[in-house]
2 protein chains.
Amino acid sequence: MAAKVRIGAELFCAADLRQALDAARQDGLDFACSPLSHPRNARDARGVSERRAAPETRSDLALTCGEWSRLIVGTASAWPRLDASCAQQRRDGEAALTRELEWASHLSLAAVLLPPLPADVYPVARRLQETFQRATSWQAWVRCRLVSREEEARRREDPSSTGDVADPWLRWDRVRRLCDHSAALCVALELTETLPSVDAARRWRGEPLKCVLVPYALFRTNEAGFPVLPKAHQDLLASLAKLEPQLCLTGVPTHPRQSYVSYLRHLIASRAPVMDEAAIAERPYRDYLQAPLQPLADNLEANTYETFERDPVKYARYEEAVKKFLGERTSAVVVVAGAGRGPLVAAVLRAASDRCNVKVHAVEKNANAIVTLRHRASTEDAWRGRVEVHQSDMRRWAPPCPIDCVVSELLGSFGDNELSPECLEPVERWTSTSIPQNYESFLQPISCARLWFDARRANTGLPAGPPAVGACIGAPPPDRGLETPFVVKLHNFAPLSAVQPAFRFDHPASEKSLERYCALEFPVAVDCTVHGLAGYFESELYDGVMISINPATFSTGMFSWFPLFLPFSRPVFVAAGSSLEVRLWRRREGDRVWYEWAVVGPDVLPVHNPGGRSCAMRL
Amino acid sequence: MAAKVRIGAELFCAADLRQALDAARQDGLDFACSPLSHPRNARDARGVSERRAAPETRSDLALTCGEWSRLIVGTASAWPRLDASCAQQRRDGEAALTRELEWASHLSLAAVLLPPLPADVYPVARRLQETFQRATSWQAWVRCRLVSREEEARRREDPSSTGDVADPWLRWDRVRRLCDHSAALCVALELTETLPSVDAARRWRGEPLKCVLVPYALFRTNEAGFPVLPKAHQDLLASLAKLEPQLCLTGVPTHPRQSYVSYLRHLIASRAPVMDEAAIAERPYRDYLQAPLQPLADNLEANTYETFERDPVKYARYEEAVKKFLGERTSAVVVVAGAGRGPLVAAVLRAASDRCNVKVHAVEKNANAIVTLRHRASTEDAWRGRVEVHQSDMRRWAPPCPIDCVVSELLGSFGDNELSPECLEPVERWTSTSIPQNYESFLQPISCARLWFDARRANTGLPAGPPAVGACIGAPPPDRGLETPFVVKLHNFAPLSAVQPAFRFDHPASEKSLERYCALEFPVAVDCTVHGLAGYFESELYDGVMISINPATFSTGMFSWFPLFLPFSRPVFVAAGSSLEVRLWRRREGDRVWYEWAVVGPDVLPVHNPGGRSCAMRL
């Protein structure tokens with residue numbers, strides 16, 4: 001089901017680029033990496049043509065423009081002189097790099113493969129950041145070598161021996177910061193003979209991974225005489241393949257090139273996760289930021305109802321919960337608060353079956369859903385005579401008789417974020433039994449460079465509070481997208497610490513106020529950059545019957561909720577062995593409820609969304 | 001010359017506010033600090049009137065609106081419950097604070113004096129940041145206690161014993177970060193019995209210091225029976241007084257209040273620095289951000305010429321330098337490149353006097369200045385027959401005869417930032433002797449909260465490069481004011497490390513390229529927040545004759561140059577004993593020259609002004 005993986009290979013000094021490309025295509029390759037400068041020039045300090053009449057690189061007529069951009073990744077020369085101590089050498093090195101990058105733009109290449117970052121990353125980063133200010137067609141793929149477990153251990157024991165920036169991830173992290181998290185800056189991850197620890201490898205899953213470089217030298221020859229990767233490399237590659245990078249073979253093959261390509265295709269295909277119906281449905285939503293629903297303020301559409309009603313797990317759990325509640329009762333009056341098009345009503349009726357004489361009051365404010373409810377109440381056998389439909393906001397509805405139980409599904413990805421606490425607060429006057437009985441939200445720091453970039457771009461945000469005035473004059477407007485919680489199917493992300501509980505709500509309420517505050521401290525095992533927090537919830541529907549999107553207790557198969565993403569106004573670096581400290585508030589004023597959050601360690605960031613200025617939920 | 005210092009005093013439980021104010025005025029006081037809530041309410045958990053019918057505080061009719069805002073600073077109650085572990089207590093505490101702040105807005109007070117920050121600053125900071133989103137008339141004065149040398153030492157020895165946030169400056173720093181450096185957040189610094197170290201005290205000089213709290217208890221009784229401050233406190237107060245804070249007496253007086261007020265007025269007046277003419281002229285420019293001149297691209301106005309020609313030091317040094325060059329010569333041909341209205345021509349003629357037969361070619365591109373030059377050449381005795389005026393850009397001018405020396409004054413606050421190197425590059429063809437012979441720029445990290453705030457607001461910046469496109473789509477526009485070097489008479493600032501050299505230019509040039517790069521590491525002695533770099537220059541005019549605005553070698557009395565201020569895109573915290581690491585580039589492309597700068601340690605910030613996108617100097 002996954003898109004066919006694109007596989008390429010490095011070409012060296014192909015005398016005739018078209019011939020070399022034809023050969024590559026015959027070997028099953030989709031693209032080729034070709035040097036931007038003739039290697040003779042790359043070795044030369046200047047790389048510019050002033051010192052010779054011969055052209056500095058091959059003609060752009062070697063391929064059509066379409067071929068250049070579809071089939072060729074330009075390989076930049078190594079930059080030995082960009083960190084030279086001699087100023088003139090540095091300038092020559094920079095001029096040569098600039099020339100290559102301009103050439104890549106001239107050819108409209110889609111990507112430029114940059115060499116591994118030097119220890120002194122700053123001149124390189126400055127050059128790239130200046131380049132990104134202009135129109136560039138291409139992505140910069142920064143070649144990042146995986147570091148072996150042994151190297152990691154060596155560095156931990158004696159950090160001074162190599163300097164902390166010897167870690168390619170740290171160099172990458174610095175460059176992307178210096179380049180202000182440009183979307184044009186991507187990772188080409190190079191597999192190495194010995195692989196890193198799980199934590200260190202996982203870190204790359206949050207990065208914009210566009211390419212995995214697979215050296216021919218990593219392959220072994222199997223009994224049948226074909227090249228194969230060692231088991232650990234197979235596993236890592238299969239795991240990285242979920243992010244759908246392109247693959248690129250590097251170095252010098254010892255078998256026919258075709259056999260490597262076939263092997264990689266077979267490996268990726270055979271290890272691809274089986275896509276069930278839910279996975280296929282969710283696929284387009286991967287890393288797609290959505291504003292959380294506001295079902296209280298807005299009416300849901302048929303489309304939305306239909307999607308959620310299909311959940312194979314949620315309503316079964318509700319049915320189980322209601323069954324437990326009914327127990328040995330022979331009759332019961334149940335209110336379904338926020339009945340929508342009736343899935344919970346149906347679950348209650350199924351739970352009661354013939355054993356219990358159940359009366360269901362279906363309360364719903366959306367006039368469009370009422371149409372469906374009335375149709376079902378009059379046409380479905382199980383409903384007839386047992387279901388009474390009321391068009392009303394549950395907060396203002398008065399039950400016509402004593403109530404045994406209120407069933408509702410008002411939970412958001414973060415539990416309370418669709419205002420279930422506020423909706424059920426007045427309902428508690430009718431009965432002390434609520435399904436759900438409680439819900440709790442959870443948080444976890446994650447790295448997700450691409451999502452963060454998208455959130456920064458999503459500057460429009462949700463309906464905001466009154467415009468900031470007075471003392472705020474002079475402060476720039478906030479990046480509203482970085483003060484807005486999003487719902488998103490997290491995919492290109494790396495969790496960085498264990499999930500921890502945030503807010504809990506019980507029904508009946510254990511405390512009067514629906515405002516909340518929590519202080520959390522997340523230890524991290526490796527140096528990392530946190531882009532924000534992932535939010536989840538667990539809910540006890542009744543007496544041990546749970547639904548959960550917390551990864552630790554996930555209700556397998558349930559697809560009604562994607563996680564929440566709370567971005568940080570800027571990514572926060574956290575060193576191995578230290579902790580990310582955050583504060584989170586749930587606030588209410590008038591008809592608005594909102595979250596504010598603050599990063600307070602190791603860095604201290606401005607409070608996010610003060611006064612709900614960028615986003616709030618409307619009561 | 002300094003404005004009269006405003007002195008106030010705390011009032012406690014004045015039964016009749018107007019009477020108390022009248023008494024205060026009779027004692028020579030300018031304002032009073034009065035509690036926002038009746039102390040009975042402040043001690044109460046709720047501070048809101050729901051639990052009693054009596055009003056929670058005195059009536060707003062006690063004073064006129066004008067009196068409230070001119071004469072009263074509102075004192076907020078202590079916030080014992082804002083960091084309580086019980087959620088309900090926290091909420092009650094926050095509600096009480098909110099009520100007080102709303103009351104301060106209702107009265108249009110100019111300032112609210114907040115109590116010392118609690119160890120858990122986060123709930124307070126959140127509350128303030130939310131408040132600053134709305135229209136507030138008042139400044140928040142955060143009461144910050146000075147920490148004694150002994151406390152400092154204790155904390156250094158055993159940081160764990162008190163937690164690093166026991167330092168009031170650290171708490172202040174966290175709150176201001178959480179409040180996104182709001183201009184409404186200011187410092188009320190409380191003098192203490194034993195004073196801090198020089199480094200720790202100096203740190204406050206970069207903060208928005210609006211008030212110094214002086215407890216009556218600090219005073220001693222002198223032989224004449226009057227209250228006086230100990231010598232160390234006198235010195236510190238006199239030094240802080242340069243920032244012109246208001247003073248506020250706190251606690252309970254043991255002498256008549258009037259005697260404290262008279263003493264403080266006398267102390268401040270007697271210790272105020274003597275204002276010479278230059279100091280008086282510079283006074284309005286204190287902390288006033290100016291775009292650097294672009295004399296190459298723009299023509300200076302008469303006003304500007306007149307101001308700079310008044311410098312009592314600069315032209316004397318030029319005269320001395322020219323005299324040294326002329327030495328025993330009996331004749332010489334001197335070009336004044338960029339003659340303006342002729343002050344350098346006059347200096348050359350004075351240096352030559354009658355001993356040397358000097359011929360001066362005055363080259364100037366500004367047609368308006370040419371008018372003055374021609375007038376002077378034909379009317380001034382010393383000039384007649386010795387000065388030839390040429391209207392031309394010096395870069396395109398050809399001398400009519402062999403030249404012995406070129407004299408120019410093209411230096412900016414940062415040496416090369418008015419493009420002296422580019423202007424003098426073609427001039428070097430005429431002669432190998434240039435006055436100045438060389439110049440070098442210097443940098444120093446500084447704390448300057450107010451300047452940084454103003455720079456952030458100065459979003460318009462200077463003419464910028466082409467608009468960012470392509471890969472930059474999605475990145476928010478930069479705060480151009482934070483990517484722009486400013487010229488400014490630094491006043492409310494604290495230097496945080498020793499000055500270090502950056503770029504050097506020699507004439508004749510020692511290297512071909514006029515681009516530059518430097519990497520600097522500034523160690524700091526105390527925890528601090530760096531808002532940017534101060535830039536200075538030194539220049540050797542000729543053979544040891546120097547001019548300098550580097551504080552270490554300053555040419556006393558010279559006022560032609562204020563320092564440069566290179567802001568950071570966000571303030572950077574640097575821990576005591578560690579270093580701030582920066583990189584600075586001087587770049588040129590086409591007719592544009594610009595600086596780029598990057599903070600690379602301890603935090604890594606995006607490169608400032610990549611490609612000169614926010615500001616550049618035009619050739």
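Start with strand S21 of chain A, residues 528-542, and strand S22 of chain A, residues 545-548. They run antiparallel, joined by four bridges. Look for A:Glu538: it stands opposite A:Ser548 in S22(A). The two strands make a hairpin, with two residues between them. A:Asp543 sits in that turn and has a positive phi of about 45°. Keep in mind that this is a predicted model.

Now a helix pair, also in chain A. Two packed helices are described by the angle between their axes and the distance between the axes. For helix H4, residues 87-106, and helix H5, residues 122-132, of chain A, the angle is about 35° and the axes are 11 Å apart. The crossing of H4(A) and H5(A) is right-handed. Which residues make the contact? From H4(A), they are A:Glu94, A:Leu97, A:Thr98 and A:Leu101. From H5(A), they are A:Arg126, A:Arg127, A:Leu128 and A:Thr131. By type, that contact splits into three nonpolar, two polar and three charged residues.

Over to chain B, and a sheet. Five strands form an open sheet, in the order S13-S12-S11-S14-S15, with parallel pairing. Which strands stand at the edges? Strand S13 (387-391) and strand S15 (434-435) of chain B do. Each has a single partner strand, so one side of each is left without a neighbour in the sheet. Strand S12 of chain B, residues 357-364, pairs with S13(B) over five bridges, in the parallel sense. Within that pair, B:His361 stands opposite B:Glu388 of S13(B). Helix H15 of chain B, residues 343-352, lies across S11, S12, S13 and S14 of chain B. Against S12(B), helix H15 runs at about 175°.

Next, helix H8 of chain B, residues 168-178. Buried or exposed? Mostly covered: eleven of its eleven residues are buried. B:Asp167 caps the N-terminal end of H8(B). One of its side-chain oxygens lies 2.9 Å from the backbone nitrogen of B:Trp169. Just after H8(B), B:Asp180 takes a positive phi of about 55°.

Last stop, B:Ala200, in helix H9 of chain B, residues 198-203. Why call B:Ala200 buried? Because its relative accessible area is 6%, and the cut-off for buried is under 20%. Leaving out residues up to four places away in sequence, B:Ala200 touches B:Glu152 and B:Val526. B:Ala20 is 180 residues from B:Ala200 along the chain, and their C-alpha atoms are separated by 37 Å.

Technical notes:
Residues numbered from 1 in each chain as written. Chains lettered and ligands numbered in written order. Predicted model: local features only at pLDDT ≥ 70, side-chain atom pairs only at ≥ 80, totals over all residues. Heavy atoms only, no water. Axes fitted to C-alpha atoms, helices over the stretch in contact; angles between N-to-C directions. Left-handed = near helix turned anticlockwise from the far one by under 90°. Contact = heavy atoms within 4.5 Å. Nonpolar A, V, L, I, M, F, W, Y, C, P; charged D, E, K, R; others polar. Buried < 20%, exposed > 50% of the residue type's maximum accessible area, 1.4 Å probe, protein only. Polar contact = N/O pair within 3.5 Å; in protein donor to acceptor, adjacent residues only side chain to side chain. Pairing = 2+ DSSP bridges.
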